[in-house]
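Q: Hi! Could you walk me through the packing and the charged pairs in this one?

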Amino acid sequence: MKIKRGSTLVGCHGKNYTLEKLLRESSTITEWMGIRSFDQYTVRVIQFDSDYLDYMFLQFIYESSLITKLSHKNIIQGLDIMIDKYSCYCITEFCNNDPYCASVGDFIEEEVLFLDVIEATKIILEVAYALEYLELNNIIHGDIRPENIYYTSGIVKLVNSGFMRKTDGVDLIKECFFIGGVSPYISPDSQESTHSDMYSLGAMYYHMIVGEVPFPGDNPIDLHIKRLKQSPQPQRVKPNLPEGVCVIIEKMMKINPQNRYRSTKHLIVDLKKIIC
């Protein structure tokens, strides 16, 4: 059921949200800038229409409920949720009011080739803090990529993915893996654990400092085969990269999840060494 500008939604705790501006619209997702009535706080309202792909609709409800329970400075805050017969609405904080807000994907595109190693490492470190928090709460993000990382008011923010889930809960999205499988950042172990997010973050780190994704190409099957057989070596592509950075990326992107960092906490320690 499509809603219009000026419509008011009532969240699960009775708060009202008025839709102000249409941001994006597709066959399943509609995004609005909205205003929370009682304090005029700007929010993002994401609508998923239940007329399409029921298993994805259930996942959207599941993830929307999940993110309202999370609280971390490096994760976009989920504020409220509303479900009716036709749609689910997820209300989150809205960072785009910041005139300097941009995604890491925007940064990569603007720099044309690659980002400064130290600046890239600082961004990766902030995302690692977010992943450490998710890891401690037994949550897989499932879609770490530049377009899902925002930089606003000096803070890096991880946005929800559509694939987020608890590692110790019901898996609703096995059928969705092929959809995510076209991403050049997805891990060879198909997002089965928090180690999968670490691999994806390593692939993003690689892209940010090398200037290309670890496995270029358009064929998702070929890409998946490469991920299963090859471990990227960034220094071969860009010889002047610091050895310490290359060692971190190579460890993050080991084919076998057990050969990656044991936890995000250990990754954070090594990332801090690059910045200091």
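Predicted model: local features only at pLDDT ≥ 70, side-chain atom pairs only at ≥ 80, totals over all residues.

Q: Great. Which residues touch the most other members of the largest nonpolar core?
A: Those are Leu201, Tyr205, Met208, Ile209, Met252 and Leu267, in a core of 59 residues. A nonpolar core here is a set of buried Ala, Val, Leu, Ile, Met, Phe, Trp, Tyr and Cys residues joined through side-chain atoms within 4.5 Å. Buried means under 20% relative accessible area, exposed over 50%, and partly exposed in between (1.4 Å probe, protein chains only).

Q: And what does Leu201 touch?
A: Leaving aside residues up to four places away in sequence, Leu201 touches Ile124, Val127, Ala128, Leu131, Ile144, Met252 and Leu267. Contact means heavy atoms within 4.5 Å.

Q: Switching topic: how many salt bridges are there?
A: The count is ten, taking a side-chain nitrogen of Lys or Arg within 4 Å of a carboxyl oxygen of Asp or Glu.

Q: Which residues are linked with Glu31 in a network?
A: Arg24 and Arg44 join Glu31 in a network of salt bridges. The closest N and O atoms are 2.7 Å apart for Glu31 and Arg24, and 2.5 Å apart for Glu31 and Arg44.

Q: Is Arg24 buried or partly exposed?
A: Arg24 is partly exposed, at 41% relative accessible area, whereas Glu31 and Arg44 are both buried.

Notes. Residues numbered from 1 in each chain as written. Heavy atoms only, no water.
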